[in-house]
Structure formats: structure tokens, C-alpha cells
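These are my notebook entries on a structure that is new to me. I record what I looked up, entry by entry.

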Amino acid sequence: MNSFLSKFHEFQKTKWFDLFCYVWTATLSFLAFSPFYLSHLVWISPFGLFWITHKYSGQYKKLFLHGLLFGIAFYVIAFHWIYHMAVVFGNFPGPIAVIILILAGVLFGAKFPIFLISYSFLSRRINRHSIWVAGFCGLASDMIAPQLFPWYWGNLIAGNILLAQTVEISGVYGLSFLVFVVSYTLFETNLLHLPEILRSKEKTLHFAKFWALPFALLLAFWVVGTGLYFKWKDVKPAKTLEVLVVQPDAPLSFRDGRSVRESIELLMGRIDQLTDAAIRQKGKNPDMIVLPEAGIPFFSAHKTPITTSTVRMYWERFDSLMFLFANRYKANVFFNEIDAGFKKKSSGREYLRYYNNNVMYDQNGERREAYQKQYLVLFGEYMPFEFMYDISPQTGRFEPGESFRLIPYYNSEGAPKLPLPLGWDDTESLSLEAIRKYYEPAKTSISESGSLLPLICYEVILPEFVRKFRDSGNPDFIANLTNDKWYGTTTESDQHFELGRLRSIEWRKWMVRSTNSGISGFVDHLGRFVPGKSTGLMKAETTWEQIQVIPSSPTFYVRFGNLVPWIMLLLTSIYYVNLLIAQLRGQKTITR
């Protein structure tokens, strides 16, 4: 064992060891995350960061450079799907896609250099409380670093369902602090010599003192998480809803020469068949049918002068099918579309903007509230620089929405005698007006039943953004409509679903996730994926679940956000500043 440690110390002096550190942290972090869920690896994944800070202590320029390399390694290994997105979504050639992946690691892996520099500085200047310094720097780097696809160290341990419950109070950042405190304790504890330590009373006492704080912190998280789990586990729902999710596997684009009309008509027929087959198999109508983002791509069901004349996106047959679903099954229909409008009160084309919309139709097929996506996807819905549109002309020019209103859904009162059902094929010969007249006898009285929190794609992984809906009321559940097909069969869809899962714990609400090509599914209010109800990738299928409306008031996190982590940062900063000031005064006294 001593021989191994000696060789390892020699290896640490080489440049190859630096590369080993990058790969160590990136690979173990990746494996701790979805879809692998080896969350126990998160406790040792930061070791690469600690090794580098010890090796280059005080050499801040080198630490900054190593931080950038950590970011690149992490993005290349864990977020390799950015390359796939750049090629398929942005239509960039392979070499440029590689550059984009590397630049993403440099620009959005800032948490790594921030941690290395701050930890090296504080540990050198303070020279004590090293465990708390590690936790403080890990937390700070997570909270202040800009990110393209936001993930936090706490996300890597949230696979532990009991520890994950604590995000109701501290948010995911609280788990980030825990990760670094425990990880650094393990790093500084040479467990290879544990038998020797236990044979020596002096070493055993030192070991016990060293582990006292991190063990107490881990125990506190575990106890609180366990308490919250059992608090919410057996809560009786206020009501239940039957929700059908349709995953149509719609095409992305038509660069291969396929007929747009033929492909979209086949898609619409497939959606009709999938929906009808699922309902027939279940033997009852759902309360809500949920279609994904871009489930019917390129078109709008919103009939306005702009969508019919200016940009001609409105398609009556699209509108007709949504109307048919609502009336045929007397269900709410929640779906996604492209909308358009003028940013200013002007008809000038320069003010024309596109919007990514979620829309609700009630059981009579009447269009109700709509939500416009606010967080747009880089390289897909907008470009950071105008010249980049020439490189990737298919990238949309979308405008973010501004409203944080919840979307109401409805009850249909009475049991009308429905006429023989019409289907997709009938929309070719019948106008929407004719279909409306056909279903006029089936019209029922509608009343508002509740509301849902609408999120489109990327928005679900942004906890601070989702909190902004709190002023609109207390939703019954969360609905996330997304399109992950751009990422193929990579791990992106698993990671996306996992990152969004914590919103269910923060809000104590069920989540319905409807995607174009997978993974669609459901998450309960404890943050557990509903087993057997997740769809596959690149498949057209449906999934159905009776979701629960949990009678919960806004949680601590929803009301106060990251208050606990910010208090920890503030108090710790004050403490460290006072220590540094005292040191400076001491140095001046010695100089005199």
C-alpha cells in the first residue's frame, strides 16, 4: 500500500496527472447523474478539483486555466450531446460543432475556475476551517456561475430520494454545500489507514473531531429529508385527474426532400390513431390530453390576421383536430403551437415576432389561455449574433413571452349524447365551421376546475425562474411540454427529465412531462418517477396516469427561494472578511 501511495505521489508531479484530474471529476460526475444514478460517486468526484488546488496552490493564473480545462472536460463527457444539437438543431458542420462544444465548456463551465481560485485563496489566507471553506466555495461557485444547461453539484446527489426532499427548504444549492463538505472530509481522511487510526487513541480522537462537523451536517440533511419524505408520503390528494400523454415522434425538418404536406398529414393521422387507441384500451375518457412541444411542428392553431395572412402559419386542419379531441372525448386538450405577432403597434415586417406557445382547449373545443415560452434555446430559437443566422438559416427568430399566469383547465358538466365521432380524415372534406356545427348538440356547460403551471422545454430546469409563477396562485400540477428529438438517443433527455424532477419536490406537485420523441412520463410530489409510465426514445407512443392534486400550500422554497443558501454565504463571507482583516492588522503590527 505504501508503495502504491509513493507511486501516486510521483504521478501527481506530472502533467498527465492534471489530465487524470479533469477526467476523474468529469467522468464520476457524469456517472453520478442520470441515467446512471450512481449518486454515491458524487462524494469523490470533486477530488480532481482538490488535487489541482493543492498542486497549484496560490498560482491563480494556472488555476484559472485548469478551471477552464475542467469545464471543457465536463462538457465533452457529460454534455457531449451539445455536439449532436449543434449538428442537427443548428445545422453546423462537424468541426464547427466541436468548437461550439469546447466553447460551451469554456464559457459555461465557469464554476470550475471560480471554485479553484476562491478555494485556493481562502484556504491559504485563513489556514483553518478547510472543510467549511470547501463547502462555501462549492456553494458560491454553483450560485454565481453562468450556465448554458444549468446543473448543480446538488443535482448529482438528488438521486438519493431522501436527501432530495431537502430541496423543499434549501433548494438544490443546499445539497451542493453538503457535497463539498463531505467530499473534502473524505479527501483529507486517508481511509486506507483506517485500521491503523482505530488502533491509536490519539489518531482515533483526531479522526472523530475531524468528522464531527461533516457527519453532523450529513445526519441533519438525512433526518430532515426522511422527515419530509414521510410527512408527504401518505398525504391524501384533493382530487385526481386522468391524464393521457401523446408522444407523436414528429419530424424535425425536411432537408432530405420529403414532402412537407405528406409527412405532416401522416403525423396528424398517427396522433389521431395513438390517441384513439389509448382511450379505447383504457375504456374511458381522460380528463386531459397533453401533446408535446413541436408535436405538430411549423404550424399554428391560432387564427389571427397575422397567422392567416402575414405569415400563413395557421392551418385549419390542425385547429380542427384539437377541436375534435376536445369534443370527441370531452377532455381538456393542452398542446403546443407556433404563434406570431407584432412587437409594437405596427404592421412593419421588422416588428414581426414568433412565439412558442402552450394552449388549452376546453371540453367544447374553445380556445382558452395560452402561455408563451420565455427562456429560449440558444442555436435553436435564437442566435446570439446576427451573422450566425447566415451560418444556420433554419434557426428561428423567436421572441420571449412575459406572462407568468397559470393555465386554467375545466370541468364539463352533464353527460351529453355524442354524435358519431369524426376523425382526422374527416377534416380533409369538412371545414372547421362544419365540424363545429356537427358537434353543436354535444356542447356542455363548462366550469373552471383548477390550474396548471405551464413550462416549455428548458424552463423546467430553472428553479429560480419557475418560482416566478408563485404570484399567480397555487397550481394543481406542473406540465412540461418539450422537444428533445434534436439530441437523438444521447443522455440529454434523461438529464433534462432528472433536472426538472426537483421542481415537483420544491412545489410538492405532480409533474406531467410530454415530449415529442421521449422521454415522456410522470413525477409525483415526492420527486419519484412513476414506474412503468416513462416512454422510450425515438418512438411514437402514449402513456396514461391518474395524477394526484396534492393539497399543499406554497413550500418554504417557493416562498423564499434560495434564502437559506444566501444566508449561509453571507454569514460565512462576514466571518472570513473579519478573519482576513484581523490578519492584515496583525501583519501591520509586526511590521511596525
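**Entry 1: disulfides.** I began with a definition: a disulfide is a pair of cysteine sulfur atoms within 2.5 Å. The model I searched is a predicted one. My search returned zero disulfides in the structure. I then looked up two cysteines. Cysteine 21 has a relative accessible area of 0% and is therefore buried. Cysteine 137, at 1% relative accessibility, is also counted as buried.

**Entry 2: the chain as a whole.** I noted 21 helices and 11 strands in the protein chain. The chain has 592 residues, and 56% of them count as buried.

Entry 3: I turned next to aromatic rings. A pair of such rings is described by the distance of the centres and the angle of the planes. A search of the whole structure gave 58 aromatic pairs. The cut-off for stacking is an angle under 30 degrees. Both residues belong to helix 7, which covers residues 111–126, and they are four residues apart, about one turn of the helix. I recorded phenylalanine 115 and tyrosine 119 as buried.

**Entry 4: an edge-to-face pair.** How far apart are the ring centres of phenylalanine 497 and phenylalanine 529? I found 4.8 Å, with the planes at 65°; this pair is therefore edge-to-face, the cut-off being an angle over 60 degrees. Phenylalanine 497 lies in helix 19 (residues 492–507), while phenylalanine 529 lies in the loop between strand 10 (521–523) and strand 11 (541–549), so the pair ties together parts that are 32 residues apart in sequence. Are these two residues buried or partly exposed? Phenylalanine 497 is buried, at a relative accessible area of 4%. Phenylalanine 529 reaches 27% and so counts as partly exposed.

**Entry 5: charges over rings.** Lastly, I looked up charged side chains placed over aromatic rings. Over the ring of tryptophan 151 I found the charged end of lysine 111, 3.7 Å from the ring centre. The charged end of arginine 467 sits over the ring of tyrosine 557, at 6.0 Å from its centre.

How values were computed:
Residues numbered from 1 in each chain as written. Predicted model: local features only at pLDDT ≥ 70, side-chain atom pairs only at ≥ 80, totals over all residues. Heavy atoms only, no water. Phe/Tyr/Trp six-rings, centres within 6.5 Å; stacked < 30°, edge-to-face > 60°. Helix = DSSP H or I, 4+ residues; strand = E, 2+ residues; numbered from the N terminus. Buried < 20%, exposed > 50% of the residue type's maximum accessible area, 1.4 Å probe, protein only. Lys NZ or Arg CZ within 6 Å of the ring centre and 35° of its normal.
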